[in-house]
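Please examine the sequence and the structure shown below before reading on.

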Amino acid sequence: ASMIIQSEAGLSQHEIDTLLDQVGKLLDEHATDGVRFSLIGLPLVKQQINRSLLSDMAILGPIVGLLIVLVLFFSFRRLAGIILPLVGLVISAAISLGIMAILDITFTMATMLVPVLLLIVGSAYAIHVMSHFYEEVAHLGRTVSAQQTFAIIDTVIHRNRMPIIMAGATTAAGFIAQFTSPLGPFRTFGLLSAVGVVLSQLSSLYLLPAMLRITYRHG
């Protein structure tokens, strides 16, 4: 026996999911030997795709985060070199997810990549700042006072501000080009990715230096 569910009747995705779960539970309760019930239709397919995307996201996100942590560890060999870049990356990704929640944007095969993509792209800006900071400190070859540390931070940000801005601008422009796509999910993906890139830039240029000042306030 098959039940074809075709009309969504203007219901929200949450209401559709609840209805499908209720129908599936009802069929399971009345299942008998020799009789197999099947649910088919576009709403059911969309429900299964959304659940698969969320489960994939729950696996992909931690894997990407672990790889970034390993790269930061082998690059800097310092706890601050791992935690400080991650703080800005997590905040940027969280704000992007918050925008999706506020605007009621559902996860699709395109938009599910936004948080992971921001962790990958945004880490490059933070690594630029951290690597130049530690390089400048290493060149002195001695204990650095608090005032010297602050001066190094200012020098590093001044030297890397334009490269980071230009790199972020070209990346954001590439994502904004997705607006030409006739498919709505790809336009949404481009917009969220561009916003996330800008947030990652701001994090590297303002939040990260502030955290460096706090972390090395004693030199």
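A cavity is defined on a 1 Å grid over the protein atoms alone, as a set of points where a 1.4 Å probe fits but cannot get out. Grid points are joined across faces, edges and corners, and a volume is the space filled by probe spheres set on the points. This is a predicted model, in which local features need pLDDT of at least 70 and side-chain atom pairs count only at pLDDT 80 or more, while totals for chains, interfaces and linings use all residues. Residues are numbered from 1 along each chain as its sequence is written, and side-chain values use heavy atoms, with hydrogens and water left out.

The structure holds one cavity of 30 Å³ or more. The largest cavity contains about 60 Å³ of space. Its lining residues, those with an atom within 4 Å of a point, are L84, P85, G88, L89, G122, A126, S200, S203, S204, L208 and M211. Helices are DSSP runs (H or I, at least four residues) numbered from the N terminus. Helix 3, helix 4 and helix 6 each supply at least two residues of the lining, and helix 6 gives the largest share, five residues. The lining comprises six nonpolar, five polar and no charged residues; here Ala, Val, Leu, Ile, Met, Phe, Trp, Tyr, Cys and Pro count as nonpolar, Asp, Glu, Lys and Arg as charged, and the others, Gly among them, as polar.

A nonpolar core is a set of buried Ala, Val, Leu, Ile, Met, Phe, Trp, Tyr and Cys residues joined through side-chain atoms within 4.5 Å. Buried means under 20% relative accessible area, exposed over 50%, and partly exposed in between (1.4 Å probe, protein chains only). The largest nonpolar core has 41 residues, of which F133 and L212 touch the most other members. Helix 2 (42-76), helix 3 (79-102), helix 4 (113-140), helix 5 (146-176) and helix 6 (184-215) each supply at least two residues of this core. Helix 4 contributes the most, eleven residues. Contact means heavy atoms within 4.5 Å. Not counting residues up to four places away in sequence, L212 touches L84, V129, M130, F133 and I153.

Two further residues may be considered. T171 is found in helix 5 and counts as partly exposed because its relative accessible area is 25%. Residues up to four places away in sequence aside, T171 touches V121, Y125 and V197. S181 lies in the loop between helix 5 and helix 6. Its relative accessibility is 15%, so S181 counts as buried.

Note on methods. On a 1 Å grid over the protein atoms alone, a cavity is a set of points where a 1.4 Å probe fits but cannot get out, and a pocket is an open set with protein on both sides within 12 Å along at least five of seven lines; lining residues have an atom within 4 Å of a point.
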